[in-house]
Amino acid sequence: LDKVRLRANFQIQVLSSLFFRNKGAYVVGKIINGFNEVPFALPILHDDDGRLFIDAALFGEDDLQMLFSFARAYFMVDMEVPSAYVQFLRSLMPRKPRAEIYNALGLAKQGKTLFYRDFLYHLKHSTDKFRIAPGIKGMVMLVFDLPSFPFVFKLIKDYFPPPKETTREQIKGKYLLVKQHDRVGRMADTLEYSEVAFPRERFDDALITEIEKFAPSQLEISDRDGDGHQEVIIKHLYIERRMIPLNIYLQEAFDTGLSDPRAHQQMERSVIEYGNAIKDLVAANIFPGDMLWKNFGITRNGKVVFYDYDEIEYLTDCNFRRVPTPRNEEEEMSGEVWYTVGPHDVFPETFGPFLLGNDAVRAVFMQHHGDLLDVAFWQQHKERIQAGHVYDVFPYDPERRFHHAAH
Ligand SMILES: Nc1ncnc2c1ncn2[C@@H]1O[C@H](COP(=O)(O)OP(=O)(O)OP(=O)(O)O)[C@@H](O)[C@H]1O
Ligand SMILES: [Mg+2]
């Protein structure tokens, strides 16, 4: 600060209510110095003796965006006039739509309303068509997007091929679990809508065919208001931030060739981040279920976030097992799974063949996250959570913590 010249108009403004989330509370405000404004947030924690301390100082738009990310749990804030809070927060993060700020404050109804309004505005000022989302199609979800709009639309299919054994109600339950759980920066928030109308002429025919085939119960096409324009009405829908599916992102690096240093770095970073994402989920008692690359996406900030929730379980409900030793030659030679597998059984040793077909990916993964293939890793975390130890996942780099070394 000593290098900064203080102007005549020097102020520090803070919102009078604290922002609560998990075990922390945040003071949120901005420093005004002449024409310069710097947003800041101060996380307050308490130590084992109940004493309060400021854990870090977060400055600037990027730090705040991270704190208010769609992949984090909502804040609890006592606000007399929420719109005034939103207006102030918007001055700290001008690029964040108001809808997202309402959502981050737990005011989902207003968030949804504003989101839909923004969406209609976007439709009015664009001409492209909804299409089946790029990537590997889901077995339980039918996903579509509009190229010019950074979100995806997900509907639950009417039936699911084996080995999926689930129901519409169960899937809704999993999405709700994610909505109410700490998303630790690693699970995308979803907005849930029913009876959503879109203009028919903006839909690709292939997409209509796809919905007719896989989710006919969810589709109605009609001219409700009788103005000669047909509408596509989707009964139930989740909307979520679009990311680049990790399988596509990795494929890009492979296509360039890993001998290219930048492609190699792209691969390396995403593999490391992928493992970090799983470990953050583990810290929050979430077992993602289906850990294939296609079920994770990479955000604009290069963070890896999970988005496929239908097989999510609490870690503490899973039964982590070692693959049993074969008792005879027949079992040993069997290409099939010869041992009995319960519904909550998980065999971490068997993740490798699905994930690590590429040698370069395998090398990076084993160097940084080999422990994820070890049953002991999962078992220890399960026991730790059962014993009541909940790890902290900070919405800022742990290096930023004032007493980092001491903790
Ligand atoms: N937020 C997102 N951003 C970008 N693409 C997405 C997003 N969510 C889903 N997709 C795309 O849609 C596909 C299917 O989505 P999702 O994995 O949620 O469905 P699913 O039916 O649960 O999949 P699975 O068959 O793996 O269980 C993904 O593989 C991905 O290509
Ligand atoms: Mg999937």
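This is a predicted model: local features need pLDDT of at least 70, side-chain atom pairs count only at pLDDT 80 or more; totals for chains, interfaces and linings use all residues.
At the start of the helix, a side-chain oxygen of Asp-374 comes to within 3.0 Å of the backbone nitrogen of Ala-376. Just after the other end, Gly-388 takes a positive phi of about 95°. The buried residues of H12 are Val-375, Phe-377, Trp-378, His-381, Lys-382, Arg-384 and Ile-385.

The axes of H8 and H12 come within 10 Å and cross at roughly 30°. Because angles under 35 degrees count as roughly parallel, H8 is described as roughly parallel to H12. On the H8 side, the residues involved are Ile-278, Lys-279, Val-282 and Ala-283, and they meet Phe-377, Trp-378, His-381, Arg-384 and Ile-385 of H12.

Helix H8 also has a partner in helix H7 (residues 246-256), and here the axes come within 8 Å and cross at roughly 155°. That angle makes H7 roughly antiparallel to H8, and the crossing of H7 and H8 is left-handed. H7 contributes Leu-246, Tyr-249, Leu-250, Glu-252, Ala-253, Phe-254 and Thr-256 to this meeting, while H8 contributes Ala-263, Gln-266, Met-267, Ser-270, Val-271 and Tyr-274.

Two single residues complete the tour. Asn-103 lies in helix H3, which spans residues 98-104. With a relative accessible area of 10%, Asn-103 falls under the 20% cut-off and is therefore buried. Beyond its neighbours within four places in sequence, Asn-103 is in contact with Tyr-74, Ala-108, Gly-111, Lys-112 and Leu-191.

Lys-23, in turn, is found in the loop between strands S2 (19-21) and S3 (24-33). At 47% relative accessibility, Lys-23 counts as partly exposed. Leaving out residues up to four places away in sequence, Lys-23 touches Ile-44, Leu-45, His-46, Val-390 and Asp-392. Asp-392 is 369 residues away from Lys-23 along the chain, yet their C-alpha atoms are separated by 8.3 Å. The side chains of Lys-23 and Asp-392 make a polar contact with each other, at 2.8 Å.

Terms used. Residues are numbered from 1 along each chain as its sequence is written. Chains are lettered from A and ligands numbered from 1 in the order in which they are written. Side-chain values use heavy atoms; hydrogens and water are left out. Buried means under 20% relative accessible area, exposed over 50%, partly exposed in between (1.4 Å probe, protein chains only). Helices (H or I, at least four residues) and strands (E, at least two) are DSSP runs, numbered from the N terminus. A polar contact is a pair of N or O atoms within 3.5 Å; within protein, one must be able to donate a hydrogen and the other to accept it, and residues adjacent in sequence count only if both atoms are side-chain atoms. Axes are lines fitted to C-alpha atoms, for helices over the stretch in contact, and angles run from 0 to 180 degrees between N-to-C directions. Angles under 35 degrees count as roughly parallel, over 145 as roughly antiparallel, 65 to 115 as roughly perpendicular and the rest as oblique. A crossing is left-handed if the near helix is turned anticlockwise from the far one by less than a right angle, and right-handed if clockwise. Contact means heavy atoms within 4.5 Å.
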